[in-house]
Amino acid sequence: MKFTGEFKVLPNLPAKLEGLRELAYNLYWTWQHDIQLLFRRLDRDLWEETHHNPVLMLGKISQERLNEAARDEGFIAHLKRAHHQLKSYLGSATWFSKNYSDLKNFNIIYFSFEYGLTECLQTYSGGLGVLAGDHLKSASDLGIPLTGIGVAFRDGYFQQYLTADGWQKERYEVNDFDNLPMTLVKDREGNPVTEHVNFPDGKVYFQIWKIEIGRNPLYLLDTNVKENKPEDRKITERLYGGNNETRIRQEIVLGIGGIRAVRRLRIVPTVCHMNEGHSAFLSLERIRTLMRDYHLSFEEAREMGVASTVFTTHTPVPAGIDIFPNDLVERYFGKYYREELGIPSDKFYSLGRLAADKHSPVFNMAHLAMNTAASVNGVSRLHGRVSREMWKEGFPEIPVEEIPVKSVTNGVHILSHLAPEMKELFVRYLGESWTEDPSIGSVWAKTDRIPDEELWRTHERRRERLIAFARSRLAAQIRARGGSPAEIEKAREVLKPGALTIGFARRFATYKRANLIFRDIERLSAILGDPEMPVQIIIAGKAHPQDEEGKKIISEIIHIASEEEFRNKIVFLENYDMNVARYLVEGCDIWLNNPRRPLEASGTSGMKVIANGGLNFSILDGWWDEAYQPDLGWKISNRDSFSDTEVQNEIESREIYTVLENEIIPQFYMRGDDGLPREWIKKMRNSIKTLTPVFNTSRMVKEYFETFYLQCYKTKSLLMADNQKKVRELNAWKEKVRNAWDHVSVISVSGKSGVNGEIKVGELYEIDGKVFLNGLSPDEVEAEIYYGSAIAAETGRSYSSVMMQLKEKVTENNTEYYIFTGSIKCNVSGSFVYTIRIKPRHELLHDSYDLRKIRWAN
């Protein structure tokens, strides 16, 4: 049916309630419980029915109720308090304004395929999206000018439900953007602002939705506009849906469309941050616009773009990276790279592979991101090491530990995941400064002031709420599947409010091994069935619609949970989302995490339980590998490597049972005369005060700012000065180095201390190197001694390097050579080996391997 017109209906708020509209459309309310209580106060049932969506709620609530609220002095006082709180937040001084007031026109543009902001906005699938949302929230708290760019997925991610036999099924619910806390960006005439990208069969247009997140905006791109063909309107239909061609079209909209949207909104990027490689096409568009705006060559524009781009990878295995066949890429980019970028095919396709001299039939998005970013980082220390190992092929002759992939460990936005009762407790004993910046360790040291009884009772209330929520949710699941009244009534009696409660909730990817704790059913039954020390498990999570193995694991768990011995002790909650996660992280005693090491890049779910008083029980992978201490939680196994996954599963599942039986359960139930588990509370307290100030996004975003964003800003400013004079000079210098490098060589190396090559501890071992630089000057290179224990490779120790100084220039047979000298301070005894190496040097290189050139002594 073809309709002839369209109109919109808006809530008719009484004048006294107009402040509700502003509160509803700024997601500041998602981390302010008092504002949530305000909306709940209007209509508790409707708040739940609308999935905590204040915009939809205001549209559905009766006019009679609104008028009644406008006459309620208590409600109006609450509204004024909440509105003042928002205004005060938006107008107050921040970490950025106090420390970097001199930075003008500073704009971080943050690109992510998904954003987990709140449960009513289905723009996320899991941890990657929630991390992106937390990044934006902490940037707002810190006052860092950051603009998010994403995709407005009409159907979002799937909603999970289970059949009677426990098999996962999926359904998609259309997001009604007009009834969500987001607004369509319009021009002065009131028309939607649109932009376009070019596809092989013509232009595809998109409109732009805006979400206010505290002080900063998020813009989502939407191709569902009338100017597009029906198939093009569906490009932004589903998150992680469709085939390879759907994905490349979505990523072109995100990357190229995102840059065009930013320009259309008159935002000038200082730095672009790619959260995963989905948005990497943005680098091509930045190069194109820089070429056009400043009359730069491709290489000069690429240099400028690289200098102001950050790439964060979240993937520890090559299989997790988006790759596209070259013929598909050619269809979408052939005209673009020939006519817009002015480069041949070999140069263009080399951008999509790390080993530029090796042909590949596919175009790798992570490699494109790495090739066009000044800074690349993993999301935990271990993940940084794993990434360097994974990508070493692209850095030949460079020691793996020196490959320029750094790490910034993930965090969580504390207030978004903290129970309101815990927040009140912390404010009472710690003050309120942590609510603005929870990364200050000295504040959390005050946790010692909280009496054991208050800390424990607060946590117990949250566990009781979790149990009540799980019962209600399970009853609803059974009712939806057509269960009998008796089954529904039984669901209302599962779990015990006072029992040790283990939570496990995450994506059901096979490497996360959700079924590991179920390997020995008899042993698990004995653990859960002890009447004196009861234990229970609450599980939630989704498998990707195409992941049959993940679905099998869910089905297996459902069947186990339905057996009589486990019926009241194991509960699987359907349709895992941010609301389910909230109850779990706020109420669990133990957070179980058992991925196959080292496949968990970071993991953030376990971070969310920390401030809530939960304790982690995890494989030493991701963030827990660097966080674990015996007085903070428990580990599963050591940092062992296994070639046989079945052997690994068996060993680590036994470890889970053993630690539960011998450590966790006895400590939980070891109570004094007052009924308090003092040793357990001590561990809770240690975990809160030690881990909370570290594993939060305030610390994380400040680290990104001070390590990457600020350096990008400084480098870009230098390159842009004097009509981009420096970028042209840098590009010319790089070309000079590339032309000269093949013949740069280390002619000889000699050590000159000690007798027979032996010296004593505390002495210096001096080394000279004779180098041919093939026309390069000595200040265009750096010479280093590279040394270490003779058995470093066998013992896992790393090597070290020390800078050498120019000693003299010598001429032999009309050829110039340079002598560099340096020394090793010998602090320990043993056998050592050494060599020297030469690397290009320039003040504007973003790292010493920018050119991926190195020359070792033969």
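This is a predicted model: local features need pLDDT of at least 70, side-chain atom pairs count only at pLDDT 80 or more; totals for chains, interfaces and linings use all residues.
**View 1. Lys542, a buried lysine without a salt bridge.** Lys542 sits in the loop that runs between β16 (535-540) and α23 (548-562). Its nearest side chain of opposite charge belongs to Asp577, and that is 7.0 Å away. With salt bridges counted only within 4 Å, Lys542 ends up with none. What it does have is a polar contact of 3.4 Å, side chain to side chain, with Asn575.

**View 2. Charged ends over rings.** The charged end of Lys542 sits over the ring of Phe158, 5.0 Å from the ring centre.

**View 3. Two aromatic pairs made by sequence neighbours, Tyr157 with Phe158 and Trp623 with Trp624.** The model has 48 aromatic pairs. In the Tyr157 and Phe158 pair the ring centres are 4.7 Å apart and the planes meet at 50°, so this one counts as tilted. Tyr157 is buried, at 7% relative accessible area, and Phe158 is buried too, at 0%. For Trp623 and Trp624 the centres are 5.2 Å apart with planes at 65°, so that pair is edge-to-face. Both tryptophans are buried: Trp623 comes out at 3% and Trp624 at 1%.

**View 4. An aromatic cluster.** Phe281, Phe333, Tyr336, Tyr337, Phe348, Tyr349 and Phe363 group together as one cluster of aromatic residues.

Definitions and conventions
Residues are numbered from 1 along each chain as its sequence is written. Side-chain values use heavy atoms; hydrogens and water are left out. Helices (H or I, at least four residues) and strands (E, at least two) are DSSP runs, numbered from the N terminus. Buried means under 20% relative accessible area, exposed over 50%, partly exposed in between (1.4 Å probe, protein chains only). Lys and Arg count as positive and Asp and Glu as negative; His and the chain ends are not counted. A polar contact is a pair of N or O atoms within 3.5 Å; within protein, one must be able to donate a hydrogen and the other to accept it, and residues adjacent in sequence count only if both atoms are side-chain atoms. Rings of Phe, Tyr and Trp (its six-membered ring) pair if their centres lie within 6.5 Å; planes under 30 degrees apart count as stacked, over 60 as edge-to-face and the rest as tilted. A charge sits over a ring if NZ of Lys or CZ of Arg is within 6 Å of the ring centre and within 35 degrees of the ring normal.
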